[in-house]
Amino acid sequence: MRLRHKPWAKQEMDKVPHIVIPNPTECKGNWHEVFGNENPIYVEVGTGKGQFLTGMGKVHPDINFIGIEKYDSVLVTAMERIKETGQPNVKFINKDVEGLEDFFAENEIDRVFINFTDPWPKNKHEKRRLTYERFLKLYERILKPGKEVHLKTDNQGLFEYSLHSFSKYGMILENISLDLHKSQLEGNVMTEYEEKFSRKNMRIFRCEAVFRD
Ligand code: SAM
């Protein structure tokens with residue numbers, strides 16, 4: 001992703017601590033209190049500019065969504081979207097996904113979304129892929145038993161790698177699509193990158209991977 005540095009981004013996000021949570025470690029185990037309800041909590045890792053979660057939050061008002069994005073210059077756009085719509089069920093964390101266990105208690109989360117994450121095609125960068133074993137361990141710990149990771153990508157190499165990684169980890173694969181927009185899946189909400197790639201007629205790969213109880 002090409003980054004345009006926005007020196008004012010952090011300052012703007014600091015003004016809306018109900019949207020971009022300033023100290024997520026203090027919310028660990030207490031996210032239901034933060035949202036003020038007992039609804040399920042879905043997390044998107046690498047949320048970018050927040051189009052997916054804004055859309056999902058509108059379609060599913062009875063679900064709480066948290067997006068994690070490490071770059072403030074990117075996340076500030078997501079924050080602005082939610083500031084404008086006033087959706088109470090979408091919040092963000094401006095941190096690296098590496099810290100997931102610091103932000104969420106065991107079994108606190110109901111689903112993880114990984115959308116168009118960086119493919120890191122070189123073998124030497126395998127450990128940075130968000131479907132690498134180390135990240136699957138983090139997702140497993142914060143997810144309730146038997147819950148799912150949903151992956152979408154345009155990158156066939158990352159998709160093949162992820163299917164392998166999920167299956168090696170013992171996860172059950174479901175609803176695999178090799179061309180999402182030509183499949184029968186209902187209720188798909190497009191991400192920024194998904195829109196960009198589908199405008200170029202590129203195929204979108206998708207799957208769900210379920211942790212065993
Ligand atoms: N999910 C969005 C979409 O589909 O339009 C954005 C996709 S963009 C290619 C990937 C985003 O993930 C970038 O904004 C990047 O900064 C973020 N990202 C990648 N690795 C991350 C990590 N370890 N922690 C937090 N954010 C990360």
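Where is the place of Asn 107? Keep that question in mind as you read these notes; the model is a predicted one.

1. Asn 107 sits in the loop between helix H5 (100–103) and strand E4 (109–115). Have a look at its backbone: Asn 107 is not a glycine, yet its phi is positive, at about 60°. With 37% relative accessibility, this residue counts as partly exposed.

2. You will find Trp 120 in the loop between E4 and helix H6 (133–142). Its relative accessibility is 29%, so Trp 120 counts as partly exposed.

3. Now turn to helix H4, which runs over residues 72–85 and has 14 residues. From its first C-alpha to its last, H4 reaches 20 Å, close to the 20 Å expected at 1.5 Å a residue. Just after H4 comes Gly 86, with a positive phi of about 70°.

4. Which residues of H4 are buried? They are Ser 73, Val 74, Leu 75, Val 76, Thr 77, Ala 78, Met 79 and Ile 82. Their cover includes helix H1 (9–14), helix H3 (51–59) and strand E3 (90–93).

5. Finally, the cysteines. A disulfide is a covalent bond between the sulfur atoms of two cysteines. How many disulfides does the structure hold? The count is zero. Cys 27 is buried, at 10% relative accessible area, and Cys 207 is buried as well, at 0%.

Terms used:
Residues are numbered from 1 along each chain as its sequence is written. This is a predicted model: local features need pLDDT of at least 70, side-chain atom pairs count only at pLDDT 80 or more; totals for chains, interfaces and linings use all residues. Side-chain values use heavy atoms; hydrogens and water are left out. Helices (H or I, at least four residues) and strands (E, at least two) are DSSP runs, numbered from the N terminus. The expected span of a helix is 1.5 Å times one less than its number of residues. Buried means under 20% relative accessible area, exposed over 50%, partly exposed in between (1.4 Å probe, protein chains only). Contact means heavy atoms within 4.5 Å. A disulfide is a pair of cysteine sulfur atoms within 2.5 Å.
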